[in-house]
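Okay, thanks everyone, I'll keep this short. Have a look at the model on the screen and then I'll walk you through a few parts.

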Amino acid sequence: MQQRILGRTGRNVSVVGLGAWQLGADWGDVSADDALAVLATAVDAGVNFVDTADVYGDGRSETLIGTFLRERGPGHGITVATKMGRRVAQEPANYHMDNFRAWNDRSRANLGVDTLDLVQLHCPPTEVYSDEAVYDALDTLVQEKRIAAYGVSVETCEQALTAIARPNVASVQIIFNALRLKPLERVLPAAAAAGVGIIARVPLASGLLSGRYDEHTTFSADDHRNYNRHGEAFDVGETFSGVDFATGLAAVRRLAPAVPAGATMAQFALRWIIDQPGVSVVIPGARNPEQARANASAADLSALLPDQLRIVAEVYDDLIRPHIHHRW
């Protein structure tokens, strides 16, 4: 598995990581045994970066990862990034040192570690990204060794650019995939110039880019792809990348001829992200070991050819850009 430096953390991370939202909640039921099997399969396939959050299953995802880390023992070499800030009302006043310490201490207990590898502000209100007191508090947490480094998770490109300009922000996590190309314009170049890592989330557009869905696909009641299609629970950009489901299906069908022989649509979509300059790690989720293994193997594909990249750009311009480019 190829590795890259994750921005200002200085850590080497696998180009394909593992997103662990689904191990906590919001993607249908994933048993503890299945979650641990997903983690083991991903790590055995070369993944050494796992992304979670304190709010995923109200700590369930973190706790399962902590169990897995203990099973692997000291020297496991796995970097775990978590997030904080979504367990309270989304008001800038809630982003202060007392809450940060409490949230971090809870995550440290869940994960079973003294120092958190990377803590990210979890898509907070826009004002938080410009708040000097917030960054002073985060710097203090590093000094206290509660956290080793901090970054941000964002909804919009403008939020990302604000964070990238801060001197100690180590990484930016942003939705970036073959149906969400806007970060290519300014965010990825700015991050590369500043030495800030880019964590590409929602890389398969909530499964749209797996190529396994059609007009008859249904999702369970506890799956956000059912209950958040119009942003009823949180930012609609987190579900299918904000793309209308039918439009997304049409886009995937047009992308199909670009998929290399022997590869799946999902592997092609992940390889496309890996090939973009400035990306540190892409974090697909997996609900079972087979998905985890297939995702990791995307790193083994050859770099995509110019014609394949051109098809992605054309499909975006024709079908997706008019609907979402201005939104995030």
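So, how many cavities of 30 Å³ or more does the structure hold? Two. By cavity I mean a set of points, on a 1 Å grid over the protein atoms alone, where a 1.4 Å probe fits but cannot get out.

Before the details, some housekeeping. This is a predicted model, so local features need pLDDT of at least 70 and side-chain atom pairs count only at pLDDT 80 or more, while totals for chains, interfaces and linings use all residues. Residues are numbered from 1 along each chain as its sequence is written, and side-chain values use heavy atoms, with hydrogens and water left out.

Strand 8 (169-175) and helix 11 (306-324) each supply at least two lining residues. Helices here are DSSP runs of H or I with at least four residues, strands are E runs of at least two, and both are numbered from the N terminus. By class, that lining has eight nonpolar, one polar and three charged residues. Nonpolar covers Ala, Val, Leu, Ile, Met, Phe, Trp, Tyr, Cys and Pro; charged covers Asp, Glu, Lys and Arg; the others, Gly among them, are polar.

The second largest cavity is about 40 Å³. Helix 10 (residues 289-297) gives the most to its lining, with three residues. This time there are seven nonpolar, two polar and no charged residues.

Inside it, strand 4 (residues 49-51) is joined to strand 5 (residues 79-84) by three bridges, and Val 50 has Val 80 as its bridge partner.

Last, a helix pair. The axes of helix 2 (residues 60-72) and helix 3 (residues 97-111) come within 7 Å and cross at roughly 45°. Axes are lines fitted to C-alpha atoms over the stretch in contact, and angles run from 0 to 180 degrees between N-to-C directions. The two helices are therefore oblique, as angles under 35 degrees are roughly parallel, over 145 roughly antiparallel, 65 to 115 roughly perpendicular and the rest oblique.

Definitions and conventions: Two strands pair if DSSP finds at least two bridges between them. On a 1 Å grid over the protein atoms alone, a cavity is a set of points where a 1.4 Å probe fits but cannot get out, and a pocket is an open set with protein on both sides within 12 Å along at least five of seven lines; lining residues have an atom within 4 Å of a point. Grid points are joined across faces, edges and corners, and a volume is the space filled by probe spheres set on the points.
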